[in-house]
Amino acid sequence: MPKPCMRILLSAGLAFGVLPSQGGEGSVQPDVSGSFRATYDYRGLGSYDDHDAYGFWYLRGRNLADKRVEIYTSGRLHSDLDGDSSSSYDPFGSIDDGEQGKLRLLQFYVDVHDPEKRMAMRYGRQYVDVADYIQMDGAQAMLFENGRLGGRVFLGKPVSDYSSVAGDAFGGVSLVGRPWWGNVSRATYAQYHDGSESATDDGIFLDMKQQVSDELRSRAYLSLMNEDIRMGGADLYYISMSDQVFDAMLGVRRWGDYDAYSRVYSPLIDALGDEEPYTTAYGRFTTELLPWLYLSPGAMVKQPDDSDFTNRSFERYDLNFILEPSDALTASVALEYWDVEESDSFFGLSGDIRYRYRRLWEVSAGAAYVDYSYYQLSDYSVVTDDNQAPPLIDPLDGTRVERSPDAFTYFLRGRWNISERTSLLLAGEIEDDSEETDLGMRVRTSIEVRL
């Protein structure tokens, strides 16, 4: 099993895009890869239950037509096996239960390029990764993006699973360069036109990644929306290359006060109002206490410019112990605490253990406990669905404290690799809430076939 430092290294590599590609000179031969997973999902709570079936797939063909073509598709199928609920209150109701949730084609594109992949044209359904991962049916022309200076042009019709996008359009241009060693800088302009509102949002995205050394990497980014600052931030990653594990991450984010008009960027502004500005910062490190024991504490804080009931300050702390006595046996224990302004709080404790027998099968089990409390004025009337007042404490300052019930969650998961390309997965979960008469249950079973 990868060590914690390797997990962080992989995450940092994906974030920065500076890890070397896998495979060597022999990886240019035509190949096809993919998988399909069929899942049955059951949820139950008292007299309510829900039965769903899902299918997830991806299929990729690389180095086709003499290394000049790549084809990729991915998507999801969903069937609500028990139909629409006849109750006005359905705890498992979801927007995905409608017709629009049955089939989702996430990506389906053809990428035509020269053998060295200096120039490429990608056509079909795809995500624009340089501009908020907007999903569109269209084309991207990418030129010399792996060289010292390059860029791309993209244009298409946005995709929505929940509403018509007739008349909508999305497009833009991006420039990327490597002006010095270890640096990758990109500037992107994108425009989303909303045909239903005759509204347009203009976005500018600036992104700079810098590899300072083998152990240290940094990233800075800024996005503007209609000439206002939408979000800016910076991250710093340190990955020790010595035998002693020590990895660290630090970062800061700033969300600004901006206006958005199109449906993709402002689905809730009409109901909730404009985005209120705030700043967040986070930090985490992982260190080796013993050859089989790792400590990973983390913290995050949020500070709004002006606090209100939708934009509150908080401090979040967590502490993780990771035990890896052998490649076959691993375990972890995690504590989490939130301190929200006005004395609200949240506490969580969880743990799990996993055993893996070679590459044939594995099983894991775990449990979690959560507790929270929040304060409100004592003249507010609060009742539950059964007209019973929730647990509370009346302090002397005129407020009353709402206490959460004791909630415990237990889970058991297993995986059996039937063959090199076929796996069976089974997961069960029970939630025991002291305020509920019945236990909440969930069972998921899947079979996955890989090419």
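This briefing walks through the main features of the structure above, topic by topic.

The model is predicted, so local features are reported at pLDDT of at least 70 and side-chain atom pairs only at pLDDT 80 or more, while totals for chains, interfaces and linings use all residues. Residues are numbered from 1 along each chain as its sequence is written, and side-chain values use heavy atoms, with hydrogens and water left out.

**The chain as a whole**

- The protein chain holds 3 helices and 24 strands; helices (H or I, at least four residues) and strands (E, at least two) are DSSP runs, numbered from the N terminus.
- Of the 451 residues in the protein chain, 35% are buried. Here buried means under 20% relative accessible area, exposed means over 50%, and partly exposed lies in between, with a 1.4 Å probe and protein chains only.
- Among contacts with a separation of 6 or more, 47% are between residues 24 or more positions apart; a contact means heavy atoms within 4.5 Å.

**Strands that pair**

- Strand β12 (residues 228-239) runs antiparallel to strand β13 (residues 246-255), and the two pair over 9 bridges. Two strands count as paired if DSSP finds at least two bridges between them.
- A hairpin of 6 residues connects β12 to β13, and Ile239 stands opposite Asp247 in β13.
- β13 also pairs with strand β14 (residues 278-290), in the antiparallel sense and over 10 bridges. In this pairing, Arg253 stands opposite Thr280 in β14.

- In soluble globular proteins, nonpolar side chains tend to be buried together.
- The largest nonpolar core has 14 residues, and those touching the most other members are Val128, Ala131, Phe154, Phe170, Ala190 and Tyr265. β6 (134-143) and β9 (183-194) each supply at least two residues of this core.
- A nonpolar core is a set of buried Ala, Val, Leu, Ile, Met, Phe, Trp, Tyr and Cys residues joined through side-chain atoms within 4.5 Å.
- Leaving aside neighbours within four places in sequence, Ala190 is in contact with several residues, including Ala131, Phe154, Phe170, Asp201 and Phe205.

**Salt bridges**

- Side chains of opposite charge can pair when their charged atoms come close.
- The count comes to 25 salt bridges, where a salt bridge is a side-chain nitrogen of Lys or Arg within 4 Å of a carboxyl oxygen of Asp or Glu.
- Asp132 and Arg230 form one of them, with their closest N and O atoms 2.7 Å apart. Asp132 lies in the loop between β5 (119-128) and β6 and Arg230 in strand β12, so this pair ties together parts that are 98 residues apart in sequence.
- Within that pair, Asp132 is partly exposed at a relative accessible area of 32%, whereas Arg230 is buried at 13%.
- Another salt bridge joins the side chains of Arg263 and Asp194 (3.2 Å, N to O). This pair links distant parts of the chain, with Arg263 in the loop between β13 and α3 (269-272) and Asp194 in strand β9, 69 residues apart.
- Arg263 is partly exposed at a relative accessible area of 25%, while Asp194 is buried at 1%.
- Arg354 forms a salt bridge with Glu362, and their closest N and O atoms are 3.5 Å apart. Arg354 counts as buried at 18% relative accessibility, and Glu362 is partly exposed at 23%.
- A network of salt bridges links Arg37, Arg415, Glu448 and Arg450.

**Asp52, a buried charge**

- Asp52 sits in strand β2 (residues 48-63).
- Asp52 is buried yet has no salt bridge, and Arg43, the nearest side chain of opposite charge, is 4.1 Å away. For charge, Lys and Arg count as positive and Asp and Glu as negative, while His and the chain ends are not counted.
- The side chains of Asp52 and His78 make a polar contact of 2.8 Å. A polar contact is a pair of N or O atoms within 3.5 Å; within protein, one must be able to donate a hydrogen and the other to accept it, and residues adjacent in sequence count only if both atoms are side-chain atoms.

**Arg312 and its surroundings**

- Arg312 lies in the loop between β15 (293-304) and β16 (314-323), and counts as partly exposed at 24% relative accessibility.
- A polar contact of 2.8 Å joins the side chains of Arg312 and Asp344. A polar atom of the Arg312 side chain also lies 2.8 Å from the backbone oxygen of Glu341.
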